[in-house]
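Dear colleague,

Please find below the structure that I am handing over to you, together with its sequence. My findings on a helix pair and on a pocket follow it.

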Amino acid sequence: MGCFLSRLQLQYKLQMADCVSKVELSVSCSDLLDKDVGSKSDPLCVLLQSSGGDKWTELARTERLKNTSSPSFSQRLRVDYHFETVQNLKLGIYDIDNSSHDLGDDDYLGGVELTLGQIVSSKTLSRPLQLKKGKPAGKGTITITAEEMKDNRAIVLEMEAKNLDKKDTFGKSDPFLEFFKKGDDGKWQLVYRTEVVKNNLNPTWKKFTVPLQTFCCSDLERPLKVDCSDYDSDGSHDLIGSFTTKVSELQKTAHGSPVQFDCIHPEKQKKKKSYKNSGVISVKSCKMEVQYSFLDYVMGGCQINFTVGIDFTGSNGDPRSPNSLHYMSPDGLNQYLSALWSVGQVVQDYDTDKLFPAFGFGAKLPPDYQAAHHEFALNFNPTNPYCQGIQGIIEAYRSVLPQLRLSGPTNFSPIINHVGSIAASSMQSNSASQYFVLLILTDGEITDFDQTRDAIVRASRLPLSIIIVGVGPADFKAMELLDGDDGVLRSTVGEAVARDIVQFVPYRQFKDAPQTALAQSVLAEVPNQLVSYFKMRGFEPPKPKAAPTS
């Protein structure tokens with residue numbers, strides 16, 4: 001593939017990068033409805049963005065907190081702020097009583113619809129919760145604070161404690177830490193909450209990374225407060241003790257100085273003259289790291305290679321029949337071509353030579369129509385399967401369709417392995433120079449599910465993302481299993497994916513939406529997948545090559 005961005009596109013992208021700000025929303029609520037019998041709700045907040053009409057696309061969600069009607073969520077919600085578009089957002093609060101990702105079976109405690117512009121211009125905004133637009137929930141308030149992200153540094157911390165006070169009658173304490181930064185208004189704002197270490201007075205918490213802007217507004221001298229508390233499942237956590245510090249102090253551990261703090265419980269300190277502390281908390285390690293963005297890699301010259309695979313199996317129906325998913329309507333379109341056009345329109349802008357390898361699978365080919373082929377060049381030229389632009393793929397599709405005999409079975413693994421082998425050979429450069437995106441358009445009746453699982457687990461260690469668009473009315477249960485959102489996808493021998501690389505969407509959800517909506521949804525995860533791959537490999541963005549001097 002040619003260079004990912006021409007110089008003109010690069011200038012445009014640089015200008016656009018300046019226009020797009022990252023905004024982090026922090027959310028808290030008070031006085032939520034209690035839906036659980038005998039205890040308070042277990043709330044979680046979901047952020048959705050309007051994708052046209054009454055359709056909403058989930059952007060992010062917070063962690064779930066247990067037994068609280070006044071939650072302060074530690075997980076921030078990130079969103080790109082585009083000045084030039086009205087971004088309609090919905091924040092919904094749910095009471096979560098199971099482990100499924102789907103919110104359809106959870107109680108809705110209320111939400112609020114706003115534009116990102118309203119939140120950004122107010123900076124902090126409180127609203128009563130509504131069950132739907134114009135219908136108050138009767139109880140509960142949500143407060144949203146917006147902060148623009150400008151700093152790409154992050155702080156990486158590992159904390160431990162010794163001799164914490166025992167808070168539980170029948171066992172030791174279950175300690176966790178909460179970090180707060182002092183806001184410009186003098187109030188403490190929660191920035192991070194660690195996991196709970198059960199039954200341990202000398203815990204070591206897992207290493208964690210927080211963007212420096214979130215952690216201390218990028219101000220190394222800004223006051224921080226750390227609370228150490230004993231977790232109680234009923235939500236009434238007991239404070240073990242607190243201390244105040246700042247990042248510049250935490251950093252001293254990097255220079256070999258031990259950094260430790262007396263964990264002080266103010267009530268105990270008042271009551272007892274001989275009181276020393278309720279334990280000692282130490283910084284085991286503290287370092288800064290740069291968190292690179294998708295644009296850092298792209299603008300450094302990382303090339304993105306786009307490949308298409310189209311399902312020509314028998315379950316699509318005879319292309320000559322109006323009931324077939326491959327049937328051409330009088331305007332020369334069908335769902336396959338509409339989906340290809342929508343996604344391809346966006347991706348082809350990122351490719352200077354606009355040459356895309358395109359494959360079909362599941363059909364018998366002329367002249368002999370013997371065995372079904374599970375990966376054939378759409379232009380019938382196996383040594384040069386490249387089509388010129390998305391228009392070239394559409395023309396190749398229209399010309400081969402009458403010559404194919406739809407067959408089966410529906411095997412995904414050959415095309416995933418094919419693109420995977422090209423991605424694997426690109427890794428020999430040991431740099432962030434190439435990334436691959438495979439778009440599979442299918443009616444979803446997958447036959448080689450186990451081999452496909454294995455192929456995806458192998459591919460998760462390669463510079464590759466897989467987008468599957470489901471065409472037609474099938475239930476797509478198998479496709480949703482491949483998209484690891486509901487849990488971790490594992491191979492047939494139990495090996496987990498190294499990172500989430502599959503994004504699945506059913507085309508029917510976008511049939512009546514604007515043409516841009518499908519592409520926005522399926523391509524939304526690719527930037528993070530690219531960054532997560534190069535981070536896993538420890539590759540920094542390539543250095544942009546200097547423009548040749550004339």
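Helices α7 and α8 run roughly antiparallel to each other in this predicted model, because their axes cross at roughly 165° and angles over 145 degrees count as roughly antiparallel. Helix α7 spans residues 335-347 and helix α8 residues 389-400, and their axes come within 10 Å. The crossing of the two helices is right-handed.

On the α7 side, the contact is formed by Y336, L337, L340, W341, G344 and Q345. Helix α8 contributes I390, Q391, I393, I394, Y397 and R398. Sorted by class, this contact of α7 with α8 comprises 8 nonpolar, 3 polar and 1 charged residues.

The other finding concerns the second largest pocket, which holds about 650 Å³ of space. Its lining consists of 24 residues, of which S26, T124, T145, D185 and Q189 are the closest to the pocket centre.

Which elements give two or more residues to the lining of this pocket? They are the strands β1 (21-30), β8 (135-149), β10 (175-182) and β11 (188-193). Strand β8 gives the most, with 4 residues. By class, the lining of the second largest pocket is made up of 7 nonpolar, 8 polar and 9 charged residues.

Yours sincerely

Note on methods
Residues numbered from 1 in each chain as written. Predicted model: local features only at pLDDT ≥ 70, side-chain atom pairs only at ≥ 80, totals over all residues. Heavy atoms only, no water. Axes fitted to C-alpha atoms, helices over the stretch in contact; angles between N-to-C directions. Parallel < 35°, antiparallel > 145°, perpendicular 65-115°, else oblique. Left-handed = near helix turned anticlockwise from the far one by under 90°. Contact = heavy atoms within 4.5 Å. Nonpolar A, V, L, I, M, F, W, Y, C, P; charged D, E, K, R; others polar. 1 Å grid on protein atoms, 1.4 Å probe; cavity = no way out; pocket = protein on both sides within 12 Å on 5 of 7 lines; lining within 4 Å. Points joined across faces, edges and corners; volume = space filled by probe spheres on them.
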